Amino acid sequence: MATRTRPSSKRCAVIGGSGFLGRHLVERLVDRGYTVNVFDIRQAYELPGVMFHQGDLCDRQALLLALKEVSVVFHCASPAPASDDRALFQRVNIDGTRTVIQACHEAGVQKLILTSSASVVFEGTDIKNGREDLPYAKKPIDYYTETKIVQEKLVLEACSKEKGFLTVAIRPHGIFGPRDPQLVPILVDTARRGKMKFIIGDGSNLVDFTYVENVVHGHILAAEHLKADSPLCGQAYHITNDEPVRFWDFMSQILEGLGYSAPRYHLPYTLVYGIALLLWLMALVLRPLIRIKPTFTPMRVALAGTHHYYSCARAKKDMGYQPLVPLQEAIVRTVESYPHLRKGA
Ligand SMILES: NC(=O)c1ccc[n+]([C@@H]2O[C@H](COP(=O)([O-])OP(=O)(O)OC[C@H]3O[C@@H](n4cnc5c(N)ncnc54)[C@H](O)[C@@H]3O)[C@@H](O)[C@H]2O)c1
Ligand SMILES: CC(C)CCC[C@@H](C)[C@H]1CC[C@H]2C3=C(CC[C@]12C)[C@@]1(C)CC[C@H](O)[C@@H](C(=O)O)[C@@H]1CC3
C-alpha cells in the first residue's frame with residue numbers, strides 16, 4: 001500500500017499524455033497552473049513543469065509512482081483503433097482500466113476523468129442529435145468500440161461519494177487538429193494512393209468533427225465541476241463542436257486545403273459496406289499467415305456513410321461547456337499545421 005500524503009487539487013496525472021489528445025491536454029493544464037505527471041508507454045516530448053513516467057498502465061506498481069500525491073487523473077490512453085487487435089484492446093482498455101481504478105484507490109486519488117467515445121452507442125445506423133441516454137451499442141462494429149463500452153461502464157460504476165472517489169466519462173467524437181496521427185494522415189495517405197475519388201452514399205450525411213482544443217476544454221471543465229454534490233458524478237458527457245457538418249464536405253475541405261482533389265463519384269453505401277466486411281473477414285482468416293490492413297474497414301465505411309452527430313446540451317447545462325474554436329477556424333488551423341502533408345511536399 002502506498003503511503004498517502006495530502007494530494008493538491010492542482011496536481012494531476014494524464015495517462016496517455018504522450019498521445020494526440022493527451023499532449024494537448026497536458027499543455028493546457030500547465031497553462032492553467034496545474035502540476036502534471038504524464039504516464040505513457042512512450043515519451044514523445046519534454047515540457048517544463050511536466051514529469052514523465054514511462055510504463056504500461058497494466059502495471060499497477062509503475063502507475064502508483066505516477067499517481068503519488070495526485071488528486072485528479074485523466075485517463076486518455078488506448079491502443080489505436082486501426083490496430084484491430086482484440087487481445088490488445090482487452091488487455092489495455094478493460095484489464096488496464098481496472099488496474100487504473102485500483103491504483104487510484106490505493107494512491108488516494110479523488111477524481112478520475114475518462115476519455116470515452118461517442119462511438120459507444122454507434123452500431124452503424126443513423127444517430128441524429130443523440131443524447132447520452134441512448135443505449136450502448138448491442139453489436140459494436142469493432143473491437144475498439146466493444147472495449148470502450150466496457151471501459152466506460154467500469155469507470156462510471158466505480159464512482160463512489162462514500163469512498164470519496166468521483167468519476168466522469170467524456171465522450172468526444174471525431175477529434176481533429178494539429179498533430180493528430182489518424183484522421184488527416186490516413187485521409188492524405190488514401191488520397192495519395194488514388195483511393196479518395198468516391199463518395200460513399202449520397203454524401204448528405206451529417207456528422208460531428210470536434211477540434212482537439214474543444215475536447216480538452218470539456219475535460220478540464222469536467223474535472224473542475226466534478227464534486228460530490230454535482231450532477232456529473234458517474235455520468236457520461238458528449239463533447240462536440242456543436243456544428244454537425246456533412247462528412248464529405250469536411251473531408252473535401254481538408255483534402256482541397258492540402259492541394260488534393262475532393263471525391264466526386266458516388267458509390268452505393270451497401271455495396272461498399274459489403275466489400276469492406278468481406279475484406280475484413282479475409283484479413284482475419286489470413287492473419288496467421290500475412291497481416292493485411294484494409295483502408296476501408298466496416299467501421300470507417302459506416303462512419304463515412306451514416307449520420308452520427310450528438311447533442312452536447314448536458315455538458316452545457318452541467319458544466320457550462322461551449323466550444324471555444326468554431327469549426328471553420330479549426331479546419332483552417334488544422335490544414336495549416338500539416339505543411340509536410342501538402343500535395344507535392
Ligand atoms: N481520436 C479520436 O477521434 C477520438 C475520438 C473519441 C475518443 N477518443 C479517445 O481519446 C483517447 C486518446 O486518443 P488519441 O486520439 O489521442 O490517441 P493516441 O494514440 O494519439 O494516444 C493514445 C496514447 O495512449 C498511449 N498508450 C497506449 N497503450 C498504453 C498502455 N498500455 N499504457 C500506457 N499508455 C498507453 C499511447 O502511447 C498514446 O500516447 C483514447 O482513449 C481514444 O479512445 C479518440
Ligand atoms: C477511408 C475514408 C473512407 C475515410 C478516411 C478518414 C478516416 C480515417 C476518419 C474519418 C472519421 C474518423 C473517425 C475515427 C478514426 C478516423 C476516421 C475513421 C474514430 C473511429 C477514431 C476513434 C474514435 O473513438 C471515434 C469517435 O467516436 O470519435 C472516431 C470516429 C471518427
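Helix 8 and helix 9 run roughly antiparallel to each other, a label given to angles over 145 degrees, in what is a predicted model, where local features need pLDDT of at least 70, side-chain atom pairs count only at pLDDT 80 or more, and totals for chains, interfaces and linings use all residues. Residues are numbered from 1 along each chain as its sequence is written, and side-chain values use heavy atoms, with hydrogens and water left out.

**Packing of helix 8 and helix 9**
- Helix 8 spans residues 269-286 and helix 9 spans residues 298-305, and the two pack at an angle of about 165 degrees with their axes 8 Å apart; helices here are DSSP runs (H or I, at least four residues), and axes are lines fitted to C-alpha atoms over the stretch in contact, with angles from 0 to 180 degrees between N-to-C directions.
- Contact (heavy atoms within 4.5 Å) is made by Tyr-269, Val-272, Tyr-273, Ala-276, Leu-277 and Trp-280 of helix 8, and by Pro-298, Val-301, Ala-302 and Gly-305 of helix 9.
- The residues of this contact comprise 9 nonpolar, 1 polar and no charged, under a scheme in which Gly counts as polar, Ala, Val, Leu, Trp, Tyr and Pro are among the nonpolar, and Asp, Glu, Lys and Arg are charged.

- Val-272, found in helix 8, is buried with a relative accessible area of 12%, where buried means under 20% (1.4 Å probe, protein chains only).
- Not counting residues up to four places away in sequence, Val-272 touches Ile-200, Leu-267 and Val-301.
- The C-alpha atoms of Val-272 and Gly-201 are separated by 8.9 Å, although these residues are 71 residues apart along the chain.

Note on methods
Chains are lettered from A and ligands numbered from 1 in the order in which they are written. Angles under 35 degrees count as roughly parallel, over 145 as roughly antiparallel, 65 to 115 as roughly perpendicular and the rest as oblique. Buried means under 20% relative accessible area, exposed over 50%, partly exposed in between (1.4 Å probe, protein chains only).
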